[in-house]
Amino acid sequence: MKFFVDTADIKQIEELIPTGFVDGVTTNPSLIAKNGDDMAKTIKAICSIVSGPVSAEVTATDFDSMLEEGKYLASLAKNVAVKVPLTMHGLKVCKALREQDTKVNVTLCFSATQALLAAKAGASFISPFVGRLDDIGEKGMDLIEDIVVIYENYGFETEVLVASVRTSQHVIDAAVIGAHVATLPPKVIHELYEHPLTKKGLDAFLDDWKKTGQSILPKK
Ligand code: E4P
């Protein structure tokens, strides 16, 4: 399972890269706004330190402008995946960009039929938003399950990118289902390795070790 980092904050990405589990990055207009810096500059900077796909989202809503924005975003770096919304124009732009071999992430997916259409349009990634479905009382993970089965049934190559992830349980559920990717806010990434028993155990080991008066490295 691949992990993307769901942020436009370069410092947070830099901190996570040495762990080896940053397979890509996703941004959206809200994350770019939160980060506060120029979008093109931010995307270029992220692409220079992350070798996997970096999603950059269009903000136009009509076909021509969306395609123009998508081509521009794709020109910023080789690993940009252009993010388009799941609308009729977005799907058309997806098809057009895929014909030019540009990676496309179709976002704001809330139903299996939407996911089916995105795959037929050749999307590289489909982004179903599990947290936002949970927020309205639905089970976001049921959608992931359906999409994974549908894509397997027809051999679609579109990768299921679980988005709007809020908890480590979302990550476990997505992994059990077999989703290809989960995009995680840095906060959730840190929750994945933290465990109270790890901390308790480490504290006890270090206390006992201190009592021995030893040091592992030979004294200089
Ligand atoms: C990423 O591709 C999505 O834009 C993001 O995961 C949405 O997350 P949110 O629902 O927490 O805003």
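Select phenylalanine 4 and phenylalanine 125 to begin: both are buried, a term for under 20% relative accessible area, with exposed meaning over 50% and partly exposed lying in between (1.4 Å probe, protein chains only). The model is a predicted one, in which local features need pLDDT of at least 70 and side-chain atom pairs count only at pLDDT 80 or more, while totals for chains, interfaces and linings use all residues. Residues are numbered from 1 along each chain as its sequence is written, and side-chain values use heavy atoms, with hydrogens and water left out.

**Aromatic pairs**

The structure contains 5 aromatic pairs. Rings of Phe, Tyr and Trp (its six-membered ring) pair if their centres lie within 6.5 Å; planes under 30 degrees apart count as stacked, over 60 as edge-to-face and the rest as tilted. Select phenylalanine 3 and phenylalanine 21, an edge-to-face pair with 6.4 Å from centre to centre and 80 degrees between the planes. Phenylalanine 3 belongs to strand β1 (residues 2-6) and phenylalanine 21 to the loop between α1 (10-16) and β2 (24-26), so this pair ties together parts 18 residues apart in sequence. Helices (H or I, at least four residues) and strands (E, at least two) are DSSP runs, numbered from the N terminus. Phenylalanine 3 counts as buried at 18% relative accessibility, and phenylalanine 21 as partly exposed at 29%.

Return to phenylalanine 4 and phenylalanine 125: their ring centres are 5.7 Å apart and their planes stand at 75 degrees, so this pair is also edge-to-face. Phenylalanine 4 lies in strand β1 and phenylalanine 125 in strand β6 (residues 125-128), so the pair ties together parts 121 residues apart in sequence. Next, select Tyr151, Tyr154 and Phe156, which form one aromatic cluster.

**Helix α3**

Display residues 39-49, helix α3, where Ala40, Thr42, Ile43, Ile46 and Cys47 are buried. Viewed down the helix axis, the buried residues of α3 fall within an arc of 160 degrees (taken from the directions from the axis to the C-beta atoms), so they line one face of the helix. Lys41 and Ser48 are exposed on the other side of α3.

**The ligand**

Finally, select the ligand, whose surroundings include Asp6, Phe129, Arg132 and Thr183; a residue is counted here if one of its heavy atoms lies within 4 Å. Asparagine 28 has a side-chain N or O atom 2.7 Å from an oxygen atom of the ligand. The protein buries 84% of the 350 Å² that the ligand exposes when taken alone, an accessible area from the Shrake-Rupley method with a 1.4 Å probe.

Conventions. Polar contact = N/O pair within 3.5 Å; in protein donor to acceptor, adjacent residues only side chain to side chain.
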